[in-house]
Each structure stands twice: as structure tokens, then as C-alpha cells.
Amino acid sequence: MRFLTDFFSLLYPESCPICGNALIAGEKIVCTFCYYKLPKTDFHLYHQNPVHELFYGRVEIQYSGAFLNFKKGGGVQQLIHDFKYKSQLEIGQFLGESYGLDLMEAAWVNSLDFIIPIPLHPDKLKKRGFNQSEVFASGISKTLNLPMKSECLKRIRFSETQTKKSKYERWENVRGIFELTDAELLEDKHVLLIDDVITTGATMEAAAQCLIKEANAKVSVAAMAFTAI
């Protein structure tokens with residue numbers, strides 16, 4: 001079986017989604033050169049950071065982070081595009097596992113009880129076939145050996161895409177769209193809420209408010225990427 005795998009790799013080598021070059025032995029998803037050029041934020045190492053500032057005076061967030069800085073036309077955009085719109089789930093899993101390794105550097109991660117991905121509305125989930133936040137969160141869960149509770153938070157109202165909406169419109173678009181299905185399980189727990197991309201933090205805020213109000217949970221947040229609006 002290993003021989004066949006190596007044989008097909010020679011005939012049809014996997015390529016790096018960022019630079020297009022063929023991956024060599026030992027490389028996974030992204031080539032070594034492109035991986036070390038990824039614009040990591042390291043926000044998880046600093047209590048005060050651009051993600052945390054989004055929630056000042058709005059909702060109490062314990063800690064916050066984002067794996068990568070997002071810039072239009074960059075390698076991060078290419079990775080996320082291939083993951084979300086070309087259904088290359090292995091990219092999301094890989095980024096989650098990689099971010100999990102970085103998160104181990106932060107002492108606050110040791111106090112986490114659960115990981116919860118931002119849910120999609122059932123109609124959108126059916127159309128896309130997967131929840132990108134859940135795939136990314138599963139990679140983090142695997143690396144940190146923390147249970148993921150994707151069924152505990154439910155999106156009860158369909159919301160339009162946040163793209164091209166103003167900051168105020170984003171807040172209005174997600175107001176009251178979440179509810180808990182098992183508040184007792186999350187009572188007084190410290191949960192890490194996961195999304196794919198954080199821009200204004202509106203979706204995260206709505207979910208965090210739900211967790212705090214209904215379960216008195218302590219909420220930290222993290223995402224695959226951060227982009228300023």
C-alpha cells in the first residue's frame with residue numbers, strides 16, 4: 001500500500017495551494033517555505049490585542065486570539081478560499097492542528113473545558129455540506145486534547161452573509177440568532193469559541209452573550225484569521 005501511495009505521488013504530486021509547487025516528502029498541505037511565511041498574529045500570547053479590543057464594553061471575553069492575519073490577495077486568502085469554497089477540508093483541519101500547537105504556548109489554554117465552533121444555520125449547512133468553523137475547531141481539539149461540543153450551540157435564525165455589510169449592520173444581522181441546547185453542561189465552564197474569520201466580532205459577540213447569559217460560562221474566542229474592516 002505504501003508503494004502504491006508513493007507511486008501515485010510521483011505521478012500526481014500534491015501541490016502547495018499558495019505557491020503551486022509540488023510538496024516534497026514530509027510536507028503536508030502547505031510547503032515548508034510558504035508555511036513559515038504565514039503571517040501568524042501571536043495574539044494568544046497577549047491579553048490586550050486587536051481581537052480583544054473588538055469586545056471592549058460589549059461583552060466580557062476572557063482571552064482571545066486568531067491564528068493568521070488576513071489580507072486580500074495573500075496566501076491566507078487562498079487557503080481559506082480553497083478550504084471554504086472548494087471543500088478542501090484537509091486545509092481547515094491542518095490549520096486547526098497547527099494553531100493548536102501555537103496555543104499550547106499560552107498558559108490560559110490550560111483552564112479551558114470545551115471548544116465550541118460557531119454553528120451554521122441548518123439551511124446553509126445543508127447547502128455547503130460542512131461547517132468550516134467546526135472543521136478548524138476539530139483540528140484544535142485534536143492537538144489540545146480538548147472535547148469539542150458542536151451540538152451545544154444552535155443558530156436559530158438564518159442571517160445574511162456579513163460580507164459588504166457595515167459594522168452596525170453586522171451587529172444587527174446577528175442579534176439574537178443563537179441559543180443553547182444544553183446550558184447545564186456548560187454551566188460555569190470556560191469555553192473556547194471558534195470562528196473562521198473575525199472582522200468586527202459581531203457573530204462572536206452574539207454567541208458569547210448567549211453562552212454567558214444562559215450558562216454563566218466564561219468565554220474566550222479564537223479564529224483562523226483576523227481582518228480589520
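Helix H5 (residues 89-103) is mostly covered, with 11 of its 15 residues buried, where buried means under 20% relative accessible area, exposed over 50% and partly exposed in between (1.4 Å probe, protein chains only). Helices (H or I, at least four residues) and strands (E, at least two) are DSSP runs, numbered from the N terminus. The model is a predicted one, in which local features need pLDDT of at least 70 and side-chain atom pairs count only at pLDDT 80 or more, while totals for chains, interfaces and linings use all residues. Residues are numbered from 1 along each chain as its sequence is written, and side-chain values use heavy atoms, with hydrogens and water left out.

The buried residues of H5 include Ile 91, Phe 94, Leu 95, Tyr 99 and Leu 103. Among the elements that cover the buried residues are helix H2 (32-35), strand S1 (64-69), helix H4 (75-85), helix H7 (132-144), strand S5 (190-198) and strand S6 (218-226). The end C-alpha atoms of H5 are 21 Å apart, in agreement with the 21 Å that its 15 residues should span at 1.5 Å a residue; the expected span is 1.5 Å times one less than the number of residues.

H4 and H5 pack with their axes 7 Å apart and at an angle of about 125°. Axes are lines fitted to C-alpha atoms, for helices over the stretch in contact, and angles run from 0 to 180 degrees between N-to-C directions. The two helices H4 and H5 are therefore oblique to each other, since angles under 35 degrees count as roughly parallel, over 145 as roughly antiparallel, 65 to 115 as roughly perpendicular and the rest as oblique. Leu 79, Asp 82 and Phe 83 of H4 meet Leu 89, Ile 91, Gly 92 and Leu 95 of H5, contact meaning heavy atoms within 4.5 Å.

The largest nonpolar core has 37 residues, of which Val 30, Leu 95, Leu 103, Ile 140, Leu 192 and Ile 194 touch the most other members. At least two residues of this core come from each of H2, S1, H4, H5, H7, S5 and S6. A nonpolar core is a set of buried Ala, Val, Leu, Ile, Met, Phe, Trp, Tyr and Cys residues joined through side-chain atoms within 4.5 Å. Beyond its neighbours within four places in sequence, Val 30 is in contact with Cys 16, Pro 17, Ile 18, Leu 23, Tyr 35, Leu 79 and Phe 94. A second, separate core of 31 residues includes Val 51, Leu 153, Ala 208 and Ala 223.

Seven aromatic pairs are present. Rings of Phe, Tyr and Trp (its six-membered ring) pair if their centres lie within 6.5 Å; planes under 30 degrees apart count as stacked, over 60 as edge-to-face and the rest as tilted. The Tyr 35 and Tyr 36 rings, with centres 5.6 Å apart and planes at 90°, form an edge-to-face pair. Tyr 35 counts as buried at 17% relative accessibility, whereas Tyr 36 counts as exposed at 67%. The rings of Phe 83 and Phe 130 have centres 5.9 Å apart and planes at 35°, so this pair is tilted. Phe 83 lies in H4 and Phe 130 in the loop between helix H6 (122-128) and H7, so the pair ties together parts 47 residues apart in sequence. Both Phe 83 and Phe 130 are buried.
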